[in-house]
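Dear colleague,

Please read them with the model open beside you.

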Amino acid sequence: MRYSALRILQQGLTGNKGWKAAWRQPNIQKHYDVVIVGGGGHGLATAHYLSKVFGIRNVAVLEKGWLGSGNIGRNTTIVRSNYLLPENEPFYEFSMKLWEGLEQDLNYNAMMSQRGILNLCHNDAQRDAYVRRGNAMLMAGADAKLLDRDAVRDMCPFINFDNERFPITGGLWQPRAGTARHDAVAWGYARSADRHGVDIIQNCEVTGFQIDNGVCKGVETSRGPISAGKVAVCVAGSSSRVMATAGMRLPIESHVLQAFVSEGLKPTIPGVVTFGAGHLYISQSDKGGLVFGGDLDKYNSYAQRGNLPVIEHVAEDMMAMIPALGRARLLRMWGGVMDMSMDGSPFIDKTHIPGLYFNGGWCYGGFKATPASGYCYAHLLAKDEPHPTAKAYRLDRFMRGRAIDEKGAGAQPNLH
Ligand SMILES: Cc1cc2nc3c(=O)[nH]c(=O)nc-3n(C[C@H](O)[C@H](O)[C@H](O)COP(=O)(O)OP(=O)(O)OC[C@H]3O[C@@H](n4cnc5c(N)ncnc54)[C@H](O)[C@@H]3O)c2cc1C
């Protein structure tokens with residue numbers, strides 16, 4: 001069923017009785033050409049591009065819970081392509097372009113809102129680094145603008161410009177960045193993949209891999225074995241655990257990241273704003289709630305909940321940036337499990353086991369990557385060669401001395 005304004009009108013006039021389920025509840029087949037493990041944003045996007053763009057339709061997505069139960073439904077919804085390194089910026093800009101046409105491509109309202117991102121700077125060195133990053137963005141075809149203090153004040157008058165400890169000296173502004181409704185992205189991709197013939201199987205946990213003479217031939221699941229031509233893992237925070245069942249040890253650690261939403265307020269924050277003297281990113285949802293987050297909880301964990309020190313840290317940064325928000329009440333908060341790689345950059349690669357592919361290590365930046373990650377993973381699965389924008393995301397890059405250390409934080413996942 002195609003969604004349109006006319007369809008809404010028709011359904012409204014006929015008692016809304018004709019809407020169909022957005023995707024089927026299919027029976028599991030014994031064999032698929034491709035089995036995708038993990039029905040998060042990246043798994044569903046892979047299924048969409050694999051079926052729609054590359055014409056491979058005998059595909060199943062196996063999700064251990066329900067669609068949207070992982071990080072795709074837990075993130076702070078920020079979409080941007082403001083990266084520095086040549087291995088990253090073209091990939092994230094490719095993703096940005098896919099975001100810009102996503103709703104038409106999926107025929108689904110993902111509430112993509114290009115309201116911009118502003119990275120605040122607080123000293124000359126930080127401003128110089130933003131100049132360099134902005135130039136790298138422009139060279140990759142993205143948009144970037146350096147703002148001075150007055151331009152920042154015009155845009156965000158609520159920010160504390162009198163804070164002597166963290167003076168605002170300007171900011172890097174990417175107008176095309178913004179936010180998208182995270183769970184709608186999962187639903188839109190799922191609906192489109194389903195329409196192109198993909199079987200989406202919920203409540204089906206992959207418990208192991210069928211590896212026969214060193215070749216991956218399928219998966220073991222909580223609902224029985226399934227054979228497959230290719231098995232494509234993209235389970236985000238569960239990457240290490242799932243790949244361990246294939247005997248692989250990954251350069252990934254799992255950490256908790258929390259997100260917070262305040263009560264609804266009148267329009268306060270125009271786009272996404274990041275505090276450059278700490279770690280805080282904040283935007284305002286269409287309902288008026290301030291959506292914000294900070295740093296990792298800094299210990300390894302698979303628990304989808306956070307702890308009090310991070311709340312204190314985020315609240316402190318918020319008070320330093322916009323003291324008026326001290327009066328806003330926190331409505332809810334939650335945690336998600338991040339797959340932190342050793343250099344802060346992701347993997348989209350074949351493994352050493354023929355037939356087994358891996359996508360992960362997205363750290364806390366994988367939501368914005370969803371379209372490009374899905375497209376590039378589908379490209380790899382369909383053609384057995386990497387997409388040009390993702391060819392650096394190899395599993396063996398540490399062995400080759402080719403780490404992609406975007407943040408310059410070294411091999412410390414808790415700092416990425
Ligand atoms: C609090 C928070 C804020 C964030 N903010 C941002 C942001 O603003 N911008 C941004 O770009 N990124 C952000 N991220 C990161 C982003 O959400 C993730 O990097 C991205 O969603 C990960 O990819 P995914 O959607 O496929 O993951 P998930 O949605 O986690 O998908 C993985 C799926 O695999 C399933 N699975 C696991 N094990 C198995 C198994 N054995 N068998 C079958 N299925 C399995 C899980 O149930 C899950 O549904 C944030 C994350 C969090 C937690």
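Helix H2 (residues 41–52) and helix H10 (residues 370–383) cross in a right-handed sense, where right-handed means that the near helix is turned clockwise from the far one by less than a right angle, and left-handed that it is turned anticlockwise. The contact, counted where C-beta atoms placed from the backbone lie within 7 Å, involves residues including His42, Ala45 and Tyr49 of H2 and Pro371, Tyr375 and Leu381 of H10.

This is a predicted model, in which local features need pLDDT of at least 70 and side-chain atom pairs count only at pLDDT 80 or more, while totals for chains, interfaces and linings use all residues. Residues are numbered from 1 along each chain as its sequence is written, and helices are DSSP runs of H or I with at least four residues, numbered from the N terminus.

The axes of H2 and H10, lines fitted to C-alpha atoms over the stretch in contact, are 7 Å apart at an angle of about 55°, on a scale from 0 to 180 degrees between N-to-C directions.

How does H2 pass helix H7 (residues 182–195)? The crossing of H2 and H7 is left-handed, with axes that come within 8 Å and cross at roughly 30°, so H2 and H7 are roughly parallel. Among the residues that meet there are Leu44 and Lys52 in H2 and Val185 and Tyr189 in H7.

Best regards

Technical notes:
Helices (H or I, at least four residues) and strands (E, at least two) are DSSP runs, numbered from the N terminus. Two residues are in contact if their C-beta atoms, placed from the backbone, lie within 7 Å. Angles under 35 degrees count as roughly parallel, over 145 as roughly antiparallel, 65 to 115 as roughly perpendicular and the rest as oblique.
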